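Please keep the sequence and the structure in view while reading.

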Amino acid sequence: MADTGQVASAASSKDPTVGLRAVRSLRTLVERLEALQVGNARDQGWTWEQIAQQLGVTRQAVHKKYASGRGPLRRRD
Amino acid sequence: MFERFTSEARQAVVGAQEEARRLHAARIGTEHLLLALLAQEGSASAAALARHGLVHDSVAETIRGYGTADLDAEALTTLGIDLDAVRDRVEATFGPGALERVSGRAAADHIPFSPRAKKVLELSLREAIAMKSKSIADGHIALGLLREGEGLAMKVLHDRGIDTPELRRDLTTALRS
């Protein structure tokens with residue numbers, strides 16, 4: 001872990017490298033959490049409609065992202 | 001192809017998985033293959049790499065410093081997000097490694113190889129054939145890394161000013177002995 005002084009200066013700096021890297025990491029984190037949560041919801045029998053409603057997107061959007069034949073969360077059955 | 005790998009070469013492939021996991025990578029890249037080769041301290045190829053200043057821990061540190069990980073804990077800290085805390089909570093609910101498991105409920109322990117790392121393994125076969133070797137040794141994987149010529153492993157070599165033709169000769173000599 002970086003020491004706190006280094007982190008504090010990084011946070012206050014206007015260096016795009018730092019800011020963009022943080023955005024990228026945040027986006028990755030969101031994507032991974034979404035995949036986990038959608039998978040969990042499907043495991044619990046939620047419909048795509050119900051999942052989409054909670055995520056604030058259309059049913060088609062969530063279905064396209066997670067239910068495709070080669071997608072990570074397709075149903076095993 | 002895999003059945004022609006020596007036990008050291010297999011260990012490098014398996015080890016690359018470990019290295020990728022340790023660095024929280026979603027894919028196994030060339031840099032993880034390099035680290036896995038370096039981790040086998042007694043091997044001839046690790047010794048050849050060490051003669052050029054490549055040792056496991058310092059290379060791992062260099063790679064961390066590139067900050068190319070999709071999930072960069074340090075970068076998230078600048079936003080006040082503690083990735084370790086997030087990981088702990090996610091794993092408490094979804095099990096160990098859940099955050100690195102991009103493929104949802106699929107095989108929990110498997111991190112896929114990047115196209116470039118796959119290419120390196122293919123090239124290691126070609127290196128073995130070119131040397132008229134019946135098996136693919138860890139040294140051939142190292143030669144494959146050099147032959148592929150791109151990726152983070154090569155960036156490490158370039159940034160350290162390593163003489164790659166000389167390294168290639170050393171690795172080849174080690175393989176022949």
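B:Thr6 lies in the segment before α1 (7-22) of chain B, where helices (H or I, at least four residues) and strands (E, at least two) are DSSP runs numbered from the N terminus. The model is a predicted one, in which local features need pLDDT of at least 70, side-chain atom pairs count only at pLDDT 80 or more, and totals for chains, interfaces and linings use all residues. Residues are numbered from 1 along each chain as its sequence is written, while chains are lettered from A and ligands numbered from 1 in the order in which they are written.

B:Thr6 counts as partly exposed because it has 18 C-beta neighbours inside 10 Å. The cut-offs are 20 or more other C-beta atoms within 10 Å for buried, 12 or fewer for exposed, and partly exposed in between, with C-beta atoms placed from the backbone. Although B:Thr6 and B:Ile136 are 130 residues apart in sequence, their C-alpha atoms are 5.9 Å apart. Leaving aside residues up to four places away in sequence, B:Thr6 touches B:Ser135, B:Ile136, B:Ala137 and B:Asp138; a contact requires C-beta atoms, placed from the backbone, within 7 Å.

B:Lys132 belongs to the loop between α7 (115-130) and α8 (138-148) of chain B. This lysine, B:Lys132, counts as exposed because it has 6 C-beta neighbours inside 10 Å. The phi of B:Lys132 is near 55 degrees, a positive value in a residue other than glycine. Most residues other than glycine have a negative phi.

**Composition and confidence**

Chain B has 10 helices and 0 strands, and chain A has 4 helices and 0 strands. In chain B, 68% of the contacts between residues at least 6 apart in sequence join residues at least 24 apart.

| Chain | Residues | Buried | Mean pLDDT | Residues with pLDDT of at least 70 |
|---|---|---|---|---|
| Chain A | 77 residues | 17% | pLDDT 79 | 70% |
| Chain B | 177 residues | 43% | pLDDT 89 | 93% |

In chain B, confidence is lowest in helix α5 (residues 73-77), at a mean of 85, and highest in helix α2 (residues 30-39), at 97. Over residues 103-108 of chain B, pLDDT stays under 50, and the model has 10 contacts beyond four places in sequence for them. For the complex, the predictor gives an ipTM of 0.72 and a pTM of 0.66.

**Nonpolar cores**

A nonpolar core is a set of buried Ala, Val, Leu, Ile, Met, Phe, Trp, Tyr and Cys residues joined through C-beta atoms within 7 Å. The largest one holds 43 residues, of which B:Ala12, B:Leu33, B:Leu34, B:Leu37, B:Leu38, B:Val59 and B:Ile141 touch the most other members. At least two residues of this core come from each of α1, α2, α3 (44-51), α4 (56-66), α7, α8, α9 (151-159) and α10 (164-176) of chain B. The largest share of this core, 6 residues, is supplied by α2(B). A second, separate core of 9 residues includes A:Leu36, A:Val62, B:Val90 and B:Ala98.

Beyond four places in sequence, B:Ile141 touches B:Ala9, B:Ala12, B:Leu33, B:Leu37, B:Val120, B:Leu121 and B:Ser124.

Terms used:
pLDDT = per-residue confidence, 0-100. Contact = placed C-beta atoms within 7 Å.
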